[in-house]
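Here is a short note for a colleague who is meeting this structure for the first time. Please read it with the model open.

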Amino acid sequence: MATALQARCVFLGAPGAGKGTQAKKVADGAALAHISTGDMLRQEVAAGTALGRQARTFMDAGKLVPDDVIIGMVRARIQQPDAKTAWILDGFPRTLPQAEALDRSLTGATALTHVIYFAVPEAALVGRLSGRRTCSKCGAIWHVEHKPTRRAGICDACGGELAQRSDDRPEAIGKRLEVYRSQTAPLLAYYRDRRVLREVDADRSPEIVYQELLKLMQ
Ligand code: AP5
Ligand code: MG
């Protein structure tokens, strides 16, 4: 079990790089809030809210949800009591306007402590995404080959049913990778210039990546 970390951290990387898998584990072990914009949007979609209906068309097509929607959602989330001092942002920011908005809302004692880039060759990403299965009850992330459940289609953690994300279809995967290259990859230079960028080789086993992250986040 890891000790509590006072980190305000961004996990940056392509779709399928392992951000969600690691963010859940690090956040659970180190008492950090796990703020996943993708998970928040999927909850809105599942609840049928106006925001969810607006977001769904973008998400299913593999496109980004408009910046103003996302920025408002994250600003509200990081003001919640559990997220005042220590958190992992998973999937945000992913455009330059989002990164600039985050900088504006964090100052002094709440400034970012780490931005960690999950480096994975693109060739490995498609297989990770197309084989991913997610528990519809507890959100645990599985993979048909890399991280199979004991019983096919049933979550080992809670017994919930596994589902495939609607944006893990081949057409949407291709679009998401293209959007990542054009809109999110430029953030690497943005954070490198600010001297907060660290890199983890995330093309290794989840356990090795996890141990490396704990070292980087001390
Ligand atoms: P989001 O949910 O954030 O999706 P994403 O960024 O495309 O990232 P993924 O969740 O697909 O990948 P991941 O890195 O979390 O990988 P995971 O750990 O699951 O966003 C979805 C959509 O919401 C966006 O397309 C957009 O429409 C919208 N959205 C969200 N945020 C937004 C924002 N800020 N602005 C605008 N729009 C936004 O792992 C993947 C698979 O690989 C799993 O099966 C896992 O078991 C396996 N795996 C993990 N690690 C390893 C490993 N080390 N070795 C082998 N397999 C592994
Ligand atoms: Mg994710």
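Is A31 buried or exposed? A31 is exposed, with a relative accessible area of 62%. Here buried means under 20% relative accessible area, exposed over 50%, and partly exposed in between (1.4 Å probe, protein chains only).

1. Basis. This is a predicted model, where local features need pLDDT of at least 70, side-chain atom pairs count only at pLDDT 80 or more, and totals for chains, interfaces and linings use all residues. Residues are numbered from 1 along each chain as its sequence is written, chains are lettered from A and ligands numbered from 1 in the order in which they are written, and side-chain values use heavy atoms, with hydrogens and water left out.

2. Backbone at A31 and R195. A31 sits in the loop between α1 and β2 (33-36). Its phi is positive, about 55 degrees, although A31 is not a glycine. R195 is not a glycine either, and has a positive phi of about 60 degrees. R195 belongs to the loop between α8 (186-193) and β8 (197-201). R195 is exposed, at 77% relative accessible area. Helices (H or I, at least four residues) and strands (E, at least two) are DSSP runs, numbered from the N terminus.

3. A cis bond. The peptide bond from F92 to P93 is cis, with omega near -5 degrees. P93 lies in the loop between β3 (87-90) and α5 (96-105).

4. Core. The largest nonpolar core has 61 residues. Such a core is a set of buried Ala, Val, Leu, Ile, Met, Phe, Trp, Tyr and Cys residues joined through side-chain atoms within 4.5 Å. Y191 and M217 have the most contacts inside it. Not counting residues up to four places away in sequence, Y191 touches partners including P93, L102 and V196. Contact means heavy atoms within 4.5 Å.

5. E122. This residue is in helix α6 (residues 122-130). E122 is partly exposed, at 38% relative accessible area. E122 and L177 are 55 residues apart in sequence, yet 8.3 Å apart in space, C-alpha to C-alpha.
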